[in-house]
Amino acid sequence: MEDNQGTLWEVFIQPKAGRPYKHAGSLHAYDKSMAMEAARDLYTRRGEGSALWLVKAEDIVASQPEDMEAFFDPANDKAYRHPTFYTMPEGSKHI
Amino acid sequence: MAHELENEDPIKLAEFQAKIDAEIKIEPKDWMPEAYRQNLIRQISQHAHSEVIGMQPEGNWVSRAPSLRSKKILMAKIQDEAGHGLYLYCAAETLGVSRDQYIQWLHEGKAKYASVFNYPSPTWADMGAIGWLVDGAAIVNQVSLQRTSYGPYARAMVRICMEESFHQRQGYEIMARLMEGSEAQRKMAQDALDRWWWPSLMMFGPHDSDSAHSSQSMKWKIKRESNDDLRQQFIDKTIPQAELIGLKVPDENAKWNAETNHYETSDIDWDEFWNVIKGNGPCNRHRLAHHIKAHKDGEWVRAAAQAFAMKQNNKLKIA
């Protein structure tokens, strides 16, 4: 029998309520509940988080580094999306 | 080296080096020279194996810890070491080698782990010396590796460093408390320092001039500081800590040099170093045999967990 040590899961931790989830690392587990217990034991031994997300690594859709430039290119020539693009009248405040 | 740089595309190689020079981290899907990948596979897996094998000398004392407090602390520390091993295996797996393969290489003797764990831990003071000196040396190395060029390795190091300083402090506390104790306890502490001092200094590896992988590793910023520089940092920190609690490092030539602002020490017994690396240390065979046995004993657990997961999946499909 194949001794593969389970599926690879990616672990995301929310440090406290209201904060975004952040990638912490990965682990091996055979099912969801085992993954959850392993994530608790592996990544939150010192109060690092108040909530966990687990995602199977194979289910993650990721951008490809070799296409990165072309892929993100549409954003590069749109300086008007940034507040610094606009000229404010002399003396204007709180804007 | 098996993977010659001459075989790489020179343009890609130059772009790669430019990224490294600009302190841009390399991520798993980025192009990298095969020799860089192989170098990381070797180093990260060796690091992971060291964390896991490092549980053995400490596991030796769980059932005999002198108090409930020290037993709880020791178990927490061993659990951390297991965790550090797992962070590092995950980082190593991003290089395209499976966990199984890494463990197989360890069992076949193709992958190494830190030689320091091939020394025995016969007394409770060894728990002090391991935490204070072995973890202390590891921290010096790992703090430096937080800036390593490979992203997953650097991130694992940041997490490990946050957890590791408790290890060193608990070890130093054990030593300090023994030094406040009876004559026999003070002797036990000194004896542990005598046995662990040199193996700890050896943890930083050969002199820079004799280190097979050092110069390319520095150029690629896999390593950020040289073996000798890191060793000196450790010596400079540790000798005053020993003196503070009345311990003496086992080196007649150890003395402060006010001009260089560093301690001077004797040279390491490199014959012993190479001998232990070659597998002839006091516990090499025992450590590996124990790991192989534990892995085999766990086979049915993995098989059962996998069978259960498949059963749950099938249930979902039928429903």
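This is a predicted model: local features need pLDDT of at least 70, side-chain atom pairs count only at pLDDT 80 or more; totals for chains, interfaces and linings use all residues.

Student: What is the mean pLDDT of chain A?

Tutor: The mean for chain A is 90, and 97% of its residues reach 70 or more.

Student: Which elements of chain A have the lowest and the highest mean pLDDT?

Tutor: Among the elements of chain A, helix H2 (residues 68–72) has the lowest mean pLDDT, 83. The highest, 97, belongs to strand S3 (residues 51–56) of chain A.

Student: Staying with chain A, in which sense do strands S1 and S2 pair?

Tutor: Strand S1 (residues 7–14) and strand S2 (residues 22–29) of chain A are antiparallel, with 7 bridges between them. Within this pairing, A:Ile13 stands opposite A:Lys22 of S2(A).

Student: And how many bridges join S1(A) and S3(A)?

Tutor: S1(A) and S3(A) pair over 6 bridges, in the antiparallel sense. A:Gln14 has A:Ala51 in S3(A) as its bridge partner.

Student: Now the contact between the chains. How many residues does each chain give?

Tutor: Chain B gives 17 residues and chain A gives 15 residues. On the chain B side, helix H4 (68–93), helix H5 (99–107) and helix H13 (299–318) each supply at least two residues. The largest share of that side, 8 residues, comes from H13(B).

Student: How does that side of chain B divide into nonpolar, polar and charged residues?

Tutor: The side of chain B that touches chain A has 7 nonpolar, 3 polar and 7 charged residues.

Student: Next, chain B itself. Into which domains is chain B divided?

Tutor: Chain B is divided into domain 1 (5–280) and domain 2 (283–319). The C-alpha centres of these two domains of chain B lie 29 Å apart.

Student: Let us turn to a helix. Does H1(B) lie largely buried or in the open?

Tutor: Of the 12 residues of H1(B), the number buried is 1, so this helix lies largely in the open.

Student: What span should H1(B) have?

Tutor: Helix H1 (residues 10–21) of chain B should span 16 Å at 1.5 Å a residue, and its end C-alpha atoms are 16 Å apart, which agrees. Just after H1(B), B:Glu23 takes a positive phi of about 65 degrees.

Student: Now for the loops. Where is B:Asp267?

Tutor: B:Asp267 is in the loop between strand S2 (262–264) and helix H11 (270–280) of chain B.

Student: Why is B:Asp267 classed as exposed?

Tutor: B:Asp267 is exposed because 8 other C-beta atoms lie within 10 Å, and a residue counts as exposed at 12 or fewer.

Student: And B:Ser209, where is that?

Tutor: B:Ser209 is in the loop between helix H8 (183–202) and helix H9 (214–219) of chain B. B:Ser209 is exposed too, with 10 other C-beta atoms within 10 Å. From C-alpha to C-alpha, B:Ser209 and B:Gln17 are 23 Å apart in space, and they are 192 residues apart in sequence.

Technical notes
Residues are numbered from 1 along each chain as its sequence is written. Chains are lettered from A and ligands numbered from 1 in the order in which they are written. Two residues are in contact if their C-beta atoms, placed from the backbone, lie within 7 Å. Helices (H or I, at least four residues) and strands (E, at least two) are DSSP runs, numbered from the N terminus. Ala, Val, Leu, Ile, Met, Phe, Trp, Tyr, Cys and Pro count as nonpolar, Asp, Glu, Lys and Arg as charged, and the others, Gly among them, as polar. pLDDT is the predictor's confidence in each residue, from 0 to 100. Two strands pair if DSSP finds at least two bridges between them. A residue is buried if 20 or more other C-beta atoms lie within 10 Å of its own, exposed if 12 or fewer, and partly exposed in between; C-beta atoms are placed from the backbone. Domain bounds come from an automatic or database domain assignment. The expected span of a helix is 1.5 Å times one less than its number of residues.
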